[in-house]
Amino acid sequence: MSQKTGASLDALTGLRFLAALHVVLFHFGTPCLTGWAPEWMVHTVASGYASVGVFFLLSGFVLAYNYVDAEGRMQAPSRSFWSARLARVYPVFLLTFLLSAAPTMGRSLAVNSLPVATAKLGTAAFTTLALLQAWVPKLALYWNPPAWSVSVEAFFYGVFPSLGRRLEGFRGARMKVALAGVWALGLAPPVLYVLFRPDGPGPLDAASEGFWLAVLKFNPLLRLPEFLLGVLLGLVFVRERKGADAATPRSGAVMAGAGAALLLVCFALGGRIPYPLMHNALLAPASALLVYGLARGGGPLGAVLARPWLVHLGGASYALYLLQYPISELVHWLETRVDLSSPWRFLAVLLALLVPASLAVHRWVETPWRSRVKRGLQPWVDGGAPVPARVAPGA
């Protein structure tokens with residue numbers, strides 16, 4: 001398989017680290033700002049949940065860049081693609097599932113009888129290991145809560161080969177309509193939720209609960225438009241790279257700067273924007289500008305995000321994202337032996353453990369086991385129909 005040519009996407013890898021860190025700070029950093037920080041800073045950190053949408057769009061963009069040619073044709077067999085995806089995500093996913101087992105079991109046993117806890121834990125474990133937990137609202141956050149997004153991504157991976165073979169006709173005006181249409185499709189469910197409030201009256205913020213809100217947040221079908229937007233943008237970028245009219249570096253700088261500025265403004269105003277809209281799709285156009293601009297080079301912002309140390313951290317961002325819960329449980333255990341009552345101390349210890357742990361897991365688990373899983377799946381891949389493949393290594 002030959003490597004797809006084109007500009008380095010290192011800046012997008014650096015962006016992955018910042019997005020993952022934003023999610024971590026949302027989960028554990030907001031208490032540090034209470035009582036002294038300006039409102040815009042509190043809202044910026046408290047809007048970290050919205051960075052998961054950046055991951056969904058970025059995933060679609062990178063997959064289209066690596067697996068779809070300028071004609072809009074899929075360039076790898078389905079089995080080869082699925083094998084690469086499983087090898088990419090499952091080793092770290094399984095490790096963090098195991099690391100989350102003890103606290104998950106402890107919590108269930110503390111509030112349920114042994115038979116009930118066994119039934120709940122068995123159901124949740126099976127559903128999670130099968131990457132299906134996002135389809136069941138009550139189970140989406142049951143076992144290693146951040147892993148719900150991996151379940152959503154698994155659905156994206158499942159449908160991507162079919163999508164990748166149906167992109168040839170999207171050009172010109174039709175592509176523009178498709179880009180606007182998938183954004184509108186992603187935005188419609190949260191708008192309807194805000195208008196009709198199916199879970200009843202009450203505040204709409206990150207602490208809000210309700211069956212239909214959980215469906216809105218976690219259901220893979222309702223998050224698919226954000227991924228599709230990324231796929232379509234990736235195809236536009238592939239065609240741009242192949243065409244004679246290459247984008248100027250300045251255009252990338254303007255797009256990346258505008259996208260980053262829009263995201264930061266919306267984060268800072270997060271407390272004034274309805275939570276369901278922020279959670280689902282509202283910021284997708286700003287994310288699209290940022291991702292596309294960085295892919296074009298990104299100007300000064302792209303140069304910063306492409307620094308080797310930040311790219312290295314970006315490579316470990318998947319591990320960092322999934323390790324945040326089990327590492328936080330370790331820090332809670334340390335609280336019983338060391339004074340970590342201050343939110344700042346808790347966050348400092350968490351990050352001091354989390355970042356090195358993610359780098360170690362990326363090096364000694366994610367990277368070597370990716371190759372091993374792919375080799376193990378090769379007989380299954382070889383059983384599929386041969387299709388010419390042209391995929392960038394490590395995709």
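Mentor: Let us begin with the largest cavity, which has a volume of about 80 Å³. Please keep in mind that this is a predicted model.

Trainee: What makes a space a cavity and not a pocket?

Mentor: A cavity is a space where a 1.4 Å probe fits but cannot get out, whereas a pocket is open. By this rule the count comes to 1 cavity of 30 Å³ or more.

Trainee: Which residues lie nearest the centre of the largest cavity?

Mentor: They are Ala50, Gly53, Glu226, Leu283 and Ala284, out of 14 lining residues. Helix 4 (51-67), helix 13 and helix 14 (284-295) each supply at least two residues of this lining. The largest share, 3 residues, comes from helix 4.

Trainee: How is the lining of the largest cavity divided by class?

Mentor: The lining of the largest cavity has 9 nonpolar, 4 polar and 1 charged residues. Gly counts as polar in this scheme, and Ala as nonpolar.

Trainee: What is the volume of the second largest pocket, and which residues are closest to its centre?

Mentor: The volume of the second largest pocket is about 760 Å³. Its lining holds 26 residues, and those closest to the centre are Leu141, Ala206, Ser208, Lys217 and Phe218. Helix 1 (10-28), helix 10 (211-218) and helix 13 (275-279) each give at least two residues to the lining of this pocket. Helix 10 provides the largest share, with 5 residues. By class, the lining of the second largest pocket comprises 19 nonpolar, 4 polar and 3 charged residues.

Trainee: Is the crossing of helix 5 and helix 18 left-handed or right-handed?

Mentor: Helix 5 passes helix 18 in a right-handed crossing.

Trainee: How do you know that helix 5 and helix 18 meet, and which residues take part?

Mentor: Contact means heavy atoms within 4.5 Å. Among the residues of helix 5 that meet helix 18 are Trp82, Leu86 and Pro91. On the side of helix 18, the residues include Val365, Trp369 and Leu377. The residues of this contact divide into 14 nonpolar, 2 polar and 5 charged.

How values were computed. Residues numbered from 1 in each chain as written. Predicted model: local features only at pLDDT ≥ 70, side-chain atom pairs only at ≥ 80, totals over all residues. Heavy atoms only, no water. 1 Å grid on protein atoms, 1.4 Å probe; cavity = no way out; pocket = protein on both sides within 12 Å on 5 of 7 lines; lining within 4 Å. Points joined across faces, edges and corners; volume = space filled by probe spheres on them. Helix = DSSP H or I, 4+ residues; strand = E, 2+ residues; numbered from the N terminus. Left-handed = near helix turned anticlockwise from the far one by under 90°.
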